[in-house]
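Subject: Structure for you to look at

Hello,

I am passing the structure on to you with this email. Please open it first and keep it beside you while you read the notes.

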Amino acid sequence: MNRNLIIGLILSAIAILAALVSFIWTPFDHVAMNIPAKLQTPNLTHWFGTDHFGRDIFSMIMVGARTSIAVAFVAVGIGMGLGIPLGLWAAARKGSYVDELIMRANDLIFAFPSLVIAILITAIFGAGAVNAIIAIGIFNIPVFARVVRGAALPIWEREFILAARVAGKKAARISVEHILPNVLNLLIVQATIQFSLGILAEAALSYVGLGAQPPTPSWGRMLADAQTLVSIAPHLALIPGFAIIITVMGLNLMGDGLRDHLNPRTRVART
Amino acid sequence: MIRYTLKRFLSLCISLAVASLLIFFVIEIAPGDPASFMLGINAQPDTVAALRAELGLDVPKFERYLAWTQGMLTGDFGMSYTYRTPISQMVADRLWVSLPLALFALALSTIIALPAGIYAAARRGKTGDVAVMSATQLGVAIPNFWFAMMLVLIFAIKLRWFAGGGFAGWDKGLGAVMWSLTLPAISLALPQAAILARVMRSALLDVMNEDFMRTARAKGLTTTQTLWKHGLRNALIPVLTIIGLQFSFLLAGGIIIEQVFYLPGLGRLVFQAISARDLIVVESVVMLLVFAVIVVNFAVDLAYATVDPRLRART
Amino acid sequence: MKHFVSQLALASALSVAGFAAHAANTDITVAMQLEPPHLDPTSAAAGAIDSVLYSNVFEGLTRFMGDGSVVAGLAKSWDISNDGLVYTFILHDNVLFHDGSTMDAEDVQFSLNRARADDSTNAQKALFAGITNISVLDTATVVVTLDAPNGNFLFNLAWGDAIIVAPESIDGIKQAPIGTGAFKFANWVQGDKIELIRNDAYWGTPAVLENVTFKFISDPTAAFASVMAEDVDAFVGFPAPENLPQFEADPRFQVLVGSTEGETILSTNNKMPPFDNVKVREALAHAIDRRAIVDGAMFGYGTPIGTHFAPHNPAYVDLTGTSAYDPELAKKLLAEAGFADGFETTLHLPPPSYARRGGEIIAAQLAQVGIKAQITNVEWAQWLETVFRGKDFGLTIVSHTEPMDISIYANPEYYFQYENPAFQELITNLNATTDPEARTALMGDAQRMISGDYVNGYLFQLAQLSVAKAGVQGLWANAPTQATDLTAVSWAD
């Protein structure tokens, strides 16, 4: 275990723990409004203060962690679910039309400005968590396809693969039984990175009002709500901002730490 | 080489065609009609129909697609539904804001990131490296719109050093333009600088492990000397690639930052056009951005292939 | 030598700047949230067009004043026939369009005919529906004939959609508007600003200001920053009421709180079960705490209403008592209607903060009585398509900003689908009545009828909130129509 990994695990654990605990307990009901008690600064009753509707920010941050994590998690899931098979397929048929087609399609998706497209998708098909997941997920597909293909190609040249081929195994089976386990480390690292990017993307979409819809709390929307209040109640913007930063940083450190821990020599594309 | 170039060019054309189809038909699904949007809630149905006819919206979708793509080949993107001005003109106007902003942000991020990356690589594993790397971790994790909010709060509202936003206008001179773009550029540059510094550092470290570097050091040069003499030049290729990618990201990625600082740039144009269902504008701007990236990639591929013939056989 | 000249130029430039700082300020920068899509008030509903151009650049035969009254505009006087069908307008002489051409009766005929033509793209074409003929008697006299008496006709002509344009300059109107007003259009940097300059050949009282810049700042944070950093001299229709106390406390600024014609309502789909049951609608009305909505969503700015009518109108009847906040009564009514366990519905929220914030509060209040309202945030284009035209909604929040628009309840096709023949007859009577007292009585009846039928949840009258530097005087505090009339604005010394 290296230092990055430990710090990363601790920081990410805060968010994950907050999200899990919120299912059974929050200090207050996160949707309960109390307008006379609005805009309180952090105090003993409301640990992070209250927002413009008098809701308890601590509870909202806890439940908001759930939203952020769920959106990013499923978006990464979509990316992996579609990207990994495509990447494996392309690698197995290296140089063929299938390979060419998959990689060109990848390039094409990469060529689209992701944030603009995510905003477009949610604006066109309706704002909400599900569409936010899809919008973020689409751009995860080529990332995983590319990583898998890149890592799988050299493995196809290895002797044990040749042996499997001689034994009459089909390419699909080899991909699943031999290639996939060998690129798994890389995938885990890439997944943590995409996960952190997903949390940032969710925050951005919610900030422009296109993410999870109220009353479901979301860190990004808390920031959007805080926009005009930041000069009189800075904690409204500071607290969700710190929540995002800590979580993203934790995941990134975890990714870096995992990379060094699992395989010191592999490098992961991060853009 | 010619065969390779032709092949790549063909795939470029196919990519553009597929992109235009995707963009047009996905965006056209959008519920909402620009004519009803323009005319509001008291409009009579015959008025809306008259406006639709005036805007050419009563023409079948596929015909509009053909007209749009044909126009684009000659640089004519058509007319905006709401603004009623040629889109090429609107885009050109907005580029005069977005382009300097992207360049400014890119310059800032490069100026910060390259020295930081080099320093970290030279001090690998020591306190300086750890400090720089921790700072980059923070930089990547900060949402740029949040950072922008904080900058406005501190430097515009509290200290009043900068305007709270807005674009000075080129008639006020370059200085005023730069001043008005400073806060937006900083908020855009921060995460990019963090990424770039990390790339710079790891590229240098990669290069330093190469044989020729070991040879250089064996010849008696110090680490710093080899770094400057050989390392930097060789590490520049991945760094330049990232800078190129970042530029296209910055051009479109300012969409939220332009909103926070009310800059009349390309991103805000798209935002406004989406809400007004001025779809032809949205389609054209997205197409342009995609076009820029695809062409840059094409140029980069060709450049690499020229340098390294092995790449022509795609691996 | 060259060096010397440039130094001289610099010195004189400095002295000019110094001089300008001491002279009376005749420039103003006014910010607003929305940018006009184009500059033709007669072919779009966008209020932003009128906000820039109404009264400043374009004028109609009659016009609104800041207090909401309708007075003579380009028409010096008029005569109405005894049967109320024929209006004879006498125009002011010596009125010139900004391009130097004369404004005469033919321009009036052209403008009104254009608005009511078959291929007209006028967003308020209904305003002109009763006109059967427009004829020119001489250059200064126009006769308009109606098919039925219309008590609102002079009022209708004051709308921005009824401004007078010239056939010579109509083709360029969307980009370079040519009107008769006290300011001329000068320049438009799209996405940023529109500039006007004083019209020195104006037929009426000339404006004090020489240069006017309208800036468009949609983001509420940016709006706050722009005023605080003194980038703008005034912000008309300030989007964030929560910031106003800060401006009030700051001697650099003044805050103007006025009225608008915007009845903010919880629109209810009267044809969609369970809202077709009047008991359910009544329960809805009692489940809503208006005070909490005004405090929470508007930070205290806004007047609670109990019907679809502006409280500053003399004919307004205060009916907030018929729908007082009483969650227990709401639960009881729901139980009587057969929804003891509540029900689920949708709540579509368009972008303005009164809707987004108000919607969150209303959803929380409805949850208290067992109604689960699923919030969907929509953009205007989507709202128009699904809610307004598609009528695919349960509840929505919207501010109806058209003046005197209670007659929308007489249209059963209107999106909230209220169908009551008695009400329709009432409005027909109202339209045909010209006697002011009889009109007031009929308007009172209309207000009571929709309030008693609990057609919609009546929330509050939207306030017009503006911030300006302390020295700005003459701005409209109220918004009787979408306008930023700068013709009487000046700087205090």
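This is a predicted model: local features need pLDDT of at least 70, side-chain atom pairs count only at pLDDT 80 or more; totals for chains, interfaces and linings use all residues.

Residues are numbered from 1 along each chain as its sequence is written, chains are lettered from A and ligands numbered from 1 in the order in which they are written, and side-chain values use heavy atoms, with hydrogens and water left out.

Chain B and chain A

In this interface, 47 residues of chain B are in contact with 42 residues of chain A (contact means heavy atoms within 4.5 Å). The two chains bury about 3,900 Å² between them, and carbon and sulfur atoms account for 76% of it. Buried area is the accessible area (1.4 Å probe) that two parts lose on being put together, summed over both.

One salt bridge is found across this interface, where the term stands for a side-chain nitrogen of Lys or Arg within 4 Å of a carboxyl oxygen of Asp or Glu. Arg198(B) and Asp256(A) form a salt bridge through their side chains, at 2.4 Å from N to O.

Several helices of chain B each supply at least two residues to the side that touches chain A, among them α1 (2-28), α8 (174-208) and α13 (279-307). Helices (H or I, at least four residues) and strands (E, at least two) are DSSP runs, numbered from the N terminus. The most comes from α1(B), with nine residues. By class, this side of chain B has 35 nonpolar, six polar and six charged residues. Here Ala, Val, Leu, Ile, Met, Phe, Trp, Tyr, Cys and Pro count as nonpolar, Asp, Glu, Lys and Arg as charged, and the others, Gly among them, as polar.

Chain C and chain B

Here 49 residues of chain C are in contact with 41 residues of chain B. The buried area is about 3,700 Å², with 54% from carbon and sulfur atoms. On the chain C side, Thr121(C), Gln190(C) and Ala381(C) lose the most area to chain B, together 13% of what that side buries.

The interface holds three salt bridges. In a salt bridge between Arg277(B) and Glu379(C), N and O are 3.5 Å apart. In chain C, β10 (211-216), α5 (220-228) and α11 (380-389) each supply at least two residues to the side that touches chain B. Of the elements, α11(C) gives the most, with eight residues. That side of chain C divides into 21 nonpolar, 13 polar and 15 charged residues.

Domains of chain C

Chain C has a domain 1 (27-252 + 470-493) and a domain 2 (260-462), with bounds from an automatic or database domain assignment. Their C-alpha centres lie 30 Å apart. Each domain brings 16 residues to the contact. About 1,200 Å² is buried between them, 56% of it from carbon and sulfur atoms. One salt bridge is counted between the domains. Arg357(C) and Glu242(C) form a salt bridge, with their closest N and O atoms 2.6 Å apart.

Two local sites

Helix α7 (residues 278-287) of chain C is largely enclosed by the rest of the structure, because seven of its ten residues are buried (under 20% relative accessible area; exposed is over 50% and partly exposed in between, with a 1.4 Å probe and protein chains only). Among the buried residues are Val280(C), Leu284(C) and His286(C). The buried residues of α7(C) pack against elements of chain C including β12 (253-268), α10 (353-368) and β16 (395-400). At the start of α7(C), a side-chain oxygen of Asn277(C) comes within 2.9 Å of the backbone nitrogen of Lys279(C).

In chain A, Thr50(A) sits in the loop between α1 (3-24) and α2 (57-92). Thr50(A) counts as buried because its relative accessibility is 0%. Its side chain reaches the backbone nitrogen of Gln40(A) at 2.7 Å, and a polar atom of that side chain lies 3.2 Å from the backbone nitrogen of Leu39(A).

Regards

Technical notes. A polar contact is a pair of N or O atoms within 3.5 Å; within protein, one must be able to donate a hydrogen and the other to accept it, and residues adjacent in sequence count only if both atoms are side-chain atoms.
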